[in-house]
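Here's a quick briefing to read alongside the model. Have the sequence and the 3D view open, and click along as you go.

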Amino acid sequence: MKLLMIGDVFGRVGRDMLFEYSERGFFGADAVIANIENAAHGRGVTKSVFDEIERCGIDGYTLGNHIWDCSDIINVFRYNDNLVRPYNLEGDLAGLGAAVIKAKNGIKIGIINLLGRVGIQNSATNPFLAADRAIEELKPKCDIIAVDFHAEATSEKQAMGYYLDGRVSVVVGTHTHVQTADEHILPNGTGYITDLGMTGPAVSVIGMDKKLVLNTFVTGIPKRLEPATGKGQFNAAMFEIDETSGKTVSIERINL
Ligand SMILES: [Fe+2]
Ligand SMILES: [Fe+2]
């Protein structure tokens with residue numbers, strides 16, 4: 001089966017890119033999973049933004065460190081069970097860190113979202129031990145598992161790839177908004193890429209208006225940043241998975 005994993009959808013421009021490639025059938029994917037942590041004006045997700053994205057026919061969603069930027073995310077969790085927030089957040093929080101979605105061909109896909117701890121400000125617990133628990137939780141309920149490890153450090157993401165190699169079908173990194181050219185199949189059959197990149201404004205500093213970001217860096221005076229407008233880019237990777245063995249057989253990186 002073909003599983004399309006889409007990198008951080010950023011603001012209006014990112015959402016427009018989803019509609020554009022949805023109309024083209026998402027490259028013939030049997031299932032589509034998108035990271036939407038930046039979908040609402042670059043920060044978080046609201047219920048109305050989620051409902052808009054749902055019209056694209058995406059099957060599952062992951063989030064990241066921007067999860068609580070819009071308090072309305074609570075309402076998204078209340079009415080939808082096809083999106084996951086970082087599993088390794090402690091406390092009595094809304095939403096799930098692991099969930100099962102159904103692909104168009106009937107295959108049940110377990111999705112897990114994890115948050116890194118190296119070079120990124122958050123209160124996440126150990127993502128490696130959390131991954132063990134999430135896999136145990138999902139294994140009896142699904143055919144294959146895909147993990148979105150939302151993290152800053154390449155080292156932490158590569159380590160997670162090897163940690164989960166052979167236990168899940170796919171490990172993708174997200175968060176940096178810059179796609180890496182290292183897609184490959186790990187020794188035990190897990191498809192891996194360090195970062196999917198961003199689906200959002202092509203001319204920007206990781207999604208934000210470059211003039212505002214530059215001004216902040218050059219003057220040292222922090223300014224409120226706004227999403228960039230203009231031409232969009234679509235960043236994703238297509239994983240061809242043998243659903244019997246659960247192994248990835250090929251990966252195609254997409255940067256349009
Ligand atoms: Fe992001
Ligand atoms: Fe992020």
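Which residues of H5 are buried? They are Glu156, Lys157, Met160, Gly161 and Leu164. Keep in mind that this is a predicted model.

- Helix H4 (residues 127-138) and helix H5 (residues 154-164) have axes that come within 11 Å and cross at roughly 35 degrees.
- The contact between the two is made by Pro127, Phe128 and Ala131 on the H4 side, and by Met160, Tyr163 and Leu164 on the H5 side.
- As for handedness, H4 passes H5 in a right-handed crossing.
- After H5 comes Gly166, with a positive phi near 90 degrees.

- Helix H2 (residues 47-54) has Val49, Phe50 and Ile53 as its buried residues.
- These cover an arc of only 100 degrees around the axis, which places them on the same side of H2.
- On the other side of H2 you'll find Ser48 and Asp51, both exposed.
- The cover over the buried residues of H2 includes helix H1 (11-23) and helix H3 (73-79).

- Strand E12 (residues 198-201) pairs with E13 in the antiparallel sense over two bridges.
- If you want a spot to look at, Gly200 has Gln233 in E13 as its bridge partner.

**The six-strand sheet and Lys247**

- Another open sheet has six strands in the order E5-E4-E3-E1-E14-E15, again with mixed pairing.
- Strand E5 (83-84) and E15 stand at the edges with a single partner strand each, so one side of each is left without a neighbour in the sheet.
- At the E5 end, strand E4 (residues 60-62) and E5 pair in the parallel sense over two bridges, and Thr62 stands opposite Val84 in E5.
- Buried, exposed or partly exposed: which is Lys247? Lys247 counts as partly exposed, because it has 17 C-beta neighbours inside 10 Å.
- Lys247 is in contact with Ser169, Gly189 and Asp242, leaving aside neighbours within four places in sequence.
- Lys247 and Ile33 are 214 residues apart in sequence, and their C-alpha atoms are 18 Å apart in space.

- Strand E6 (residues 98-102) and strand E7 (residues 108-115) run antiparallel and are joined by five bridges.
- Five residues sit between the strands of this hairpin, where Gly106 takes a positive phi near 90 degrees.
- Ala98 has Ile112 in E7 as its bridge partner.
- Ile112 turns up again in the largest nonpolar core, which has 69 residues: Met5, Ile112, Ala146 and Val147 touch the most other members.
- What does Val147 touch, not counting residues up to four places away in sequence? The list is Ile112, Leu114, Ala131, Leu164, Val168, Val170 and Val171.
- Two of those names, Ala131 and Leu164, are also part of the contact between H4 and H5.

**Two histidines with positive phi**

- The loop between E9 and strand E10 (184-185) holds His175, and His177 is found in that loop too.
- His175 has a positive phi of about 110 degrees although it is not a glycine.
- For His177, also a residue other than glycine, phi is positive and near 70 degrees.
- His175 counts as buried because it has 27 C-beta neighbours inside 10 Å.
- His177 is buried as well, with 21 other C-beta atoms within 10 Å.

Conventions: Residues are numbered from 1 along each chain as its sequence is written. Chains are lettered from A and ligands numbered from 1 in the order in which they are written. This is a predicted model: local features need pLDDT of at least 70, side-chain atom pairs count only at pLDDT 80 or more; totals for chains, interfaces and linings use all residues. A residue is buried if 20 or more other C-beta atoms lie within 10 Å of its own, exposed if 12 or fewer, and partly exposed in between; C-beta atoms are placed from the backbone. Helices (H or I, at least four residues) and strands (E, at least two) are DSSP runs, numbered from the N terminus. The arc is that of the directions from the helix axis to the C-beta atoms. Two residues are in contact if their C-beta atoms, placed from the backbone, lie within 7 Å. Two strands pair if DSSP finds at least two bridges between them. A nonpolar core is a set of buried Ala, Val, Leu, Ile, Met, Phe, Trp, Tyr and Cys residues joined through C-beta atoms within 7 Å. Axes are lines fitted to C-alpha atoms, for helices over the stretch in contact, and angles run from 0 to 180 degrees between N-to-C directions. A crossing is left-handed if the near helix is turned anticlockwise from the far one by less than a right angle, and right-handed if clockwise.
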